[in-house]
Amino acid sequence: QVQLVESGGGLVQAGGSLRLSCAASDTTLRFNAMGWYRQAPGKQRELVATIINRGTNYADSVKGRFTISRDNAKNTVSLQMNSLKPEDTAVYYCNARFIVGTTPLYDYWGQGTQVTVSS
């Protein structure tokens with residue numbers, strides 16, 4: 001069982017920046033897809049950003065403001081969040097999976113980290 005531990009959340013004013021990190025308890029080389037998702041109160045969990053193989057994908061709402069990266073040497077995936085808005089407030093979850101075709105053979109989630117953006 002792989003554990004994913006997020007860090008870096010907190011309270012920030014609108015326009016500010018935060019950097020989230022996710023550390024895996026096993027080598028991240030076993031995952032061909034890693035990403036960040038978020039869930040705001042009363043809403044469904046949504047994709048924020050993913051790295052699948054070497055390609056990145058972002059939700060339209062964060063394009064140009066957020067950057068996802070992974071460091072396989074450190075077994076981490078990070079999310080740099082700039083120009084934060086109150087609507088970015090949510091619990092952010094790290095995800096790691098190995099996908100064959102469209103099917104995840106294994107799929108792990110972190111416990112989540114709270115990001116709160118004040119106006």
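## Largest pocket

The largest pocket is lined by R38, Q39, A40, K43, Q44, E46, S61, R65, E87, D88, T89 and A90. A pocket here is an open set of points on a 1 Å grid over the protein atoms alone, where a 1.4 Å probe fits, with protein on both sides within 12 Å along at least five of seven lines; lining residues have an atom within 4 Å of a point. By class, the lining has six charged residues (Asp, Glu, Lys, Arg), four polar ones and two nonpolar ones.

## Basis of the model

This is a predicted model, in which local features need pLDDT of at least 70 and side-chain atom pairs count only at pLDDT 80 or more, while totals for chains, interfaces and linings use all residues. Residues are numbered from 1 along each chain as its sequence is written, and side-chain values use heavy atoms, with hydrogens and water left out.

## Open sheet

Four strands (DSSP runs of E, at least two residues) make an open antiparallel sheet in the order β1-β3-β8-β7. Strands count as paired if DSSP finds at least two bridges between them. β1 (4-7) and β7 (66-71) are the edge strands; each has a single partner, so one side of each lacks a neighbour in the sheet.

β7 pairs with β8 (residues 76-81) in the antiparallel sense over six bridges. In this pairing, I68 stands opposite L79.

## Disulfide

C22 and C94 form a disulfide (sulfur atoms within 2.5 Å), with their sulfur atoms 2.1 Å apart. The pair links distant parts of the chain, 72 residues apart: C22 lies in β3 (residues 18-24) and C94 in β9 (residues 90-100).
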